Amino acid sequence: MSRPRTRARTAAPEAGLTAGMAARALRRGLRHAGLIQVKAPPALPAQNGRRPHGPEPRQIMSQPASPSLYAAREPVFPRRVSGRFRRLKWAVMAVTLGIYHVLPWIRWDRGPDRPDQAVLVDLAGRRFFFFWIEIWPQDFHVVAGLLVMAGLGLFLFTAALGRVWCGYACPQTVWTDLFMWIERRIEGDRNARMKRDAGPHDAAWWRLKIAKHAAWLLIALATGGAWVFYFTDAPSTLVALLTFRAEPGVYFFVGLFTATTYVLGGIAREQVCTYMCPWPRFQAAMLDKDSLVVTYRDWRGEPRGKPDAAHGDCVDCKACVHVCPTGIDIRDGQQLECIGCGLCIDACDDVMAKLHRPKGLIAFETLGNLAASQAATRGMPPGEARTAAGMAARKAPRFLRPRTFVYAGVLSAVAVVMLAAFLLRETLSLTAIQERAPLYVTLSDGSVRNAYTLRIANKSHTAEEFRLAVESRLPLAVAVQGQEGPPRLVSRPDGLSDARVFLTLPPDPPGGRRDGEVTFRLLDASGRTVASAHAQFHGGRR
Ligand code: SF4
Ligand code: SF4
């Protein structure tokens, strides 16, 4: 029983680390991480007014329970609200979902081999179609440019209007809004839902919960599941799905998109914005004192309390908190969780209207104006005079300022470059791929032959025939596999065409040069070069 312990004691020094050293290192690490506390013992009595020599003894205290890094989700029960920002959100939802559902059903002639769809992601053909725009894999820079433009557009809107994208047009917001609307229709408004969730899980509770989740799944199927129509012919795919004759892969992706929509829009909701989305983390860098953000005008609302002369305009009714889809209190100041939807503005305006006080206690406001109003009303008692003074200190929001100029300028420059690159892109291109196994073949008469695959990418919708010319300092003979006479190549419409081409060097070329560069040219009927490609000829050693 004692042998292993003896071995451990003797083996550790060989490794350069004793058990004591390891324990001390572990304790040091825990101390630095704050997981154990070190308490100094009572000071030793001074001797003749001097502290005794030697290091101060330290004592390891008991290890407290580690703080949990997990926090359970606080359920959010947003209340129904009406007002101009709510109406705007409904309108944006109708437009965005309308576009999303209509696009795959717009017909567009795509030739005999593809669905006649205006917007189509053709994964098999490695092509993306958007009305008259056709993106090939070779045009990936166009896609990259569009993504850069989307990012810059987001920067510009955030700098000018805060998180309007998050609050109105982000798919997560649109879907969450839709799911919350269904929840309200089935389970009732905030108070009814809170009461039911706090009560017993009886038959009525289960009936409503099952109805809600079934409705959510149906909406997820009809919205998220509709993604598949962008990848395949929408009408025939819908018929195949409904008659259970679609490919298993189609059902799989419909299920996948339905499940993600249901989980993100119905279950996760504001958690996606708060914890999963990176955008709130760096959006603060886009904001400045002139950006419009949803703001509580504390200079007007404080001190909160009863609607009397001793208090500000905020009656602490918490209507703004109860309607918030992320469950925050905007009166606590700017917060990462605030998506800038403006629903708290609607709720508070409603309260102010009932109290016969001016609307706008919560408003889209610049932080510069907020600071100016705070300074102008400092020390003033609540009342109409304070409200008037605070509002008079404001300035009209400046949308044209250096930051927005820079974003708009860079966005315009990228747009112009992308447009030029797209308009000037070649509709026909030629690629020469040299065969490498073997690199060259020596024929029986001593001549040397190289083989190439010439690939024509024809982005037009007509087949074309070209004369093939070869330029080189070597006296090369050219032949196309399966052809007699002058070499000609035919490109099929809207696709790739391959041809095998042989170049042959005679046994004793003038000057003895055996290797060299080769240029393949496609010539149209008038002899003009329409596409070219470079390659090497390898003649080997004599
Ligand atoms: S809705 Fe307006 S009055 Fe009510 S708590 Fe919010 S800020 Fe105050
Ligand atoms: S605080 Fe207001 S603007 Fe921000 S998310 Fe909540 S309701 Fe929307």
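Two strands count as a pair if DSSP finds at least two bridges between them. Keep that in mind for this predicted model, where strand E11 pairs with strand E13 over 4 bridges. The whole protein has 18 helices and 16 strands, so here's a quick tour of a few spots, starting with the big picture.

**The whole chain**
- The protein runs to 542 residues, and 22% of them count as buried.
- Take the contacts between residues with a separation of 6 or more: 67% of these join residues 24 or more positions apart.

**Strand E11 and its partners**
- E11 covers residues 464-472, E13 covers residues 488-491, and the two run antiparallel.
- Across that pairing, Arg-467 stands opposite Arg-488 in E13.
- E11 also pairs with strand E15 (residues 516-523), again in the antiparallel sense, with 6 bridges joining them.
- On this side, look for Ser-472, which sits opposite Val-518 in E15.

**Around ligand 2**
- Ligand 2 has 14 residues surrounding it.
- The closest ones are Cys-324, Ile-330, Cys-338, Cys-341 and Cys-344.
- How many residues of the shell around ligand 2 are charged? There are none: the shell splits into 11 nonpolar and 3 polar residues.

**A look at Ala-392**
- You'll find Ala-392 in helix H17, which spans residues 384-392.
- Ala-392 and Ala-372 are 20 residues apart in sequence, and their C-alpha atoms are 9.4 Å apart in space.

How values were computed: Residues are numbered from 1 along each chain as its sequence is written. Chains are lettered from A and ligands numbered from 1 in the order in which they are written. This is a predicted model: local features need pLDDT of at least 70, side-chain atom pairs count only at pLDDT 80 or more; totals for chains, interfaces and linings use all residues. A residue is near a molecule or strand if its C-beta atom, placed from the backbone, lies within 6 Å of it. Ala, Val, Leu, Ile, Met, Phe, Trp, Tyr, Cys and Pro count as nonpolar, Asp, Glu, Lys and Arg as charged, and the others, Gly among them, as polar. A residue is buried if 20 or more other C-beta atoms lie within 10 Å of its own, exposed if 12 or fewer, and partly exposed in between; C-beta atoms are placed from the backbone. Two residues are in contact if their C-beta atoms, placed from the backbone, lie within 7 Å.
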